[in-house]
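Good morning, and thank you for making time for this item. Please have the sequence and the structure open while I go through them.

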Amino acid sequence: MRYHDPWYDALASGWGELDGAGVPAPEVPAARREHEGRALRAADVYLEVQRSAAFQEVRSRYLRFVVPAVAVFFAWYVAYVVAATTAPGLMARPVAGAVNVGMVAGLGQFVTTFLLTWAYARHARLRRDRAALELRWDTQELTRGVRGGVS
Amino acid sequence: MTGNHQTLALLLFSGFVAVTLGITTWVSRNRHGSAEEFYAGGRLFSPMENGFAIAGDYMSAASFLGVTGLIALYGYDGMLYVVGFFVAWLVVLLLVAELVRNCGRFTLADVVAARMSERPVRIAAGTSSVTVSVLYLVAQMVGAGSLVSLLLGGTSPAARAWTVIGVGALMVIYVSLGGMRATTWIQIVKAVLLLSTTVALTVLVLLRFHGNIDQLLLSAADRSGHGLAFLAPGLKYGGDWTARFDFISLGLALVLGTAGLPHILSRFYTVPTARAARRSVIWSIGLVGGFYLMTIVLGFAAAAIVGPDAVRKSNAAGNTAVPLLALDLGGANSTGGTVLFAIVAAVAFATILAVVAGITLASSASVAHDLYASLRRPRAKPYSEVAVARTAAVGIGVVAIALGLLARDLNVAFLVGLAFAVAASANLPVLLYSLFWRGFTTRGAVWAVYGGLIPALALVLLSPVVSGSPDSLFPGVDFQFFPLQNPGLVSIPLGFLAGWLGTVTSPEVPDEAKHAETEVRALTGAGAV
């Protein structure tokens, strides 16, 4: 039978994901095929999935985006706070009219936050969602197979 | 403040209370009383609905009244708060929202306990969640008390006390009768009201200055008496190095605390999938970002139109800047001004009420789902978890009312900053370690929670907030030892350090299979409820 899954409904659209330019990332191999015909204990299912190439790929796609992104925005934020408290002279330097470096930096924090949000949403939608969904079903199929029941 | 303001504000606020009570009854009409329903609203909210509700939970009176007041009084230094409150959402979006939705059921402790020995971890995470929630609640209660005495003119202690008691009683009714579903709808209504009011005020400000932001900033600088220094950092936090470190400490607490706030974490469970949780956070980033950009405009407008002196005269902490601005924008001494003022006052009350309900729900979930479930004697007759949660909501309401009455002279923004610092020290390290560190153990988890929680609270007790300065809680005595008001700079690293230390010293071998399960579930959503 088919299961209703809201992920399928949601794949088409979304706020902040309005660009249609992106192409879904190449398929990753399914985890299930690698184990077919092998008997597994329930606790081993997750270990097996974790070691599968499909999962390793999803995890590294996630970490490769998130780790540099967090490092960059956190460093940028700390630099902003430290500069505002220790170098008020620099922040007071005028840029245009009443707007000074501090104002530009503060608004820059808003801009980078919005941009990173957009980039993350796009990355997750194009490079992670489909593969994660396949893995989810494969994992649940495997778990169900181990329990020996239908659901 | 004339009688007209008060009557109209009271009428509008009564309207909000009536509508929300209506929602509560309507929602609880055909409830089933299951835990799923009570804590997570059945998990069937759409990302947009949940995004509005998250924004509603986050935009508290501290943002609407407190931050605009700080900008009106100190110019640029008030803006630093706004940036911290907002950038914090990236931590939530990138590291927390989806993974927490996939791994947990109702609370923060669910995520951690999945990998660890359950009892000690649940007790630790439950305790810290309740502590953070109570601190945040007290801040909102104190805000409600000050707001009412400012708006209703009289500063009589009795009026304040009754307001605090009234707010507490209403929140207990919302939460214990309506659960998460009613609370979410109340947040949505409140977020829409607050955002439309803010948009209307911003439009009026821009019309007044003919859309010329430069002129707005220049008149604010002119009116402030500080000249262009008003538009640069340093007026509030530029003094000695203690003040500067205090601000860095606060900045750290703001950006890392949001991801550890129990009432924000519990919101991710009200949507069906991790993808929906991500889209709720994207919605709320859009809403919260727009809101904070507008509060910056409103803060500088209050400085330009009302003037810092008039603001300070009405309330030393600046909390009345926006109501005063509304009075002037509508036309002073005219019907327009009266109406706008009353609307702003009523919306501020509604904000406090809704935020308070959200926090009470999250903390009653921690009490029932984490503490009660772990601490009750095994032989005792098991009460249903939801019944315990309803009772806990009443208990937390009573505690918050009592503390709110005791702490009524403390600064609201400070209390919120403290809640953020405790959340960042006690909740964030354990959450990140259990999601991302393969070798994390039970002892590490317990140490991470207590190693952040205890220093954070102890440093506050020893800080000038409690004793040793004219503005302290107990000005008569002096056991001040720690110079900073916000403990974040010290206690957040201590939380991370304690978690690491507990893990490397523990004899327990981390369970490979359980880590695999957490990781697979977190990233794929397999087995998520």
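**Helices, interface and overall form**

I begin with helix α18(B), which is largely enclosed by the rest of the structure, because 16 of its 20 residues are buried. A residue is called buried if 20 or more other C-beta atoms lie within 10 Å of its own, exposed if 12 or fewer, and partly exposed in between, with C-beta atoms placed from the backbone. Helices (H or I, at least four residues) and strands (E, at least two) are DSSP runs, numbered from the N terminus.

A word on conventions. This is a predicted model, in which local features need pLDDT of at least 70 and side-chain atom pairs count only at pLDDT 80 or more, while totals for chains, interfaces and linings use all residues. Residues are numbered from 1 along each chain as its sequence is written, and chains are lettered from A and ligands numbered from 1 in the order in which they are written.

As for confidence, the predictor gives the complex an ipTM of 0.89 and a pTM of 0.88. In chain B the mean pLDDT (the predictor's confidence in each residue, from 0 to 100) is 86, and 95% of the residues reach 70 or more. Where pLDDT is low, the predicted coordinates should not be read in detail.

To return to α18(B), residues 442-461: at 1.5 Å a residue its 20 residues should span 28 Å, and the end C-alpha atoms are 29 Å apart, which agrees. The expected span here is 1.5 Å times one less than the number of residues. The 33 residues of α12(B), 274-306, should likewise span 48 Å, and 46 Å between the end C-alpha atoms agrees with that. Helix α12(B) is mostly covered, with 29 of its 33 residues buried. After this helix comes Gly307(B), whose phi is positive, near 90°.

Which residues does Gly51(B) contact, leaving aside its neighbours within four places in sequence? They are Ser280(B), Trp283(B), Ser284(B) and Leu287(B), where contact means that the C-beta atoms, placed from the backbone, lie within 7 Å. Gly51(B) itself sits in helix α3 of chain B, residues 47-58, and it counts as buried because it has 27 C-beta neighbours inside 10 Å.

Chain B as a whole has 20 helices and 0 strands. Its radius of gyration is 23 Å, close to the 24 Å that the globule rule gives for 529 residues, so chain B is as compact as a globular protein of that length. That radius is taken over C-alpha atoms, and the rule is 2.2 Å times the number of residues to the power 0.38. The C-alpha trace of chain B spans about 70 × 55 × 45 Å along its principal axes. Buried residues make up 64% of chain B.

Chain A has 151 residues, of which 28% count as buried. Its secondary structure comes to 6 helices and 2 strands, in the order α-α-α-α-β-β-α-α from the N terminus.

Finally, the interface: 49 residues of chain A are in contact with 49 residues of chain B. On the chain A side, the largest share, 14 residues, comes from α3(A). By class, that side has 32 nonpolar, 14 polar and 3 charged residues. Here Ala, Val, Leu, Ile, Met, Phe, Trp, Tyr, Cys and Pro count as nonpolar, Asp, Glu, Lys and Arg as charged, and the others, Gly among them, as polar.

Conventions:
Two residues are in contact if their C-beta atoms, placed from the backbone, lie within 7 Å.
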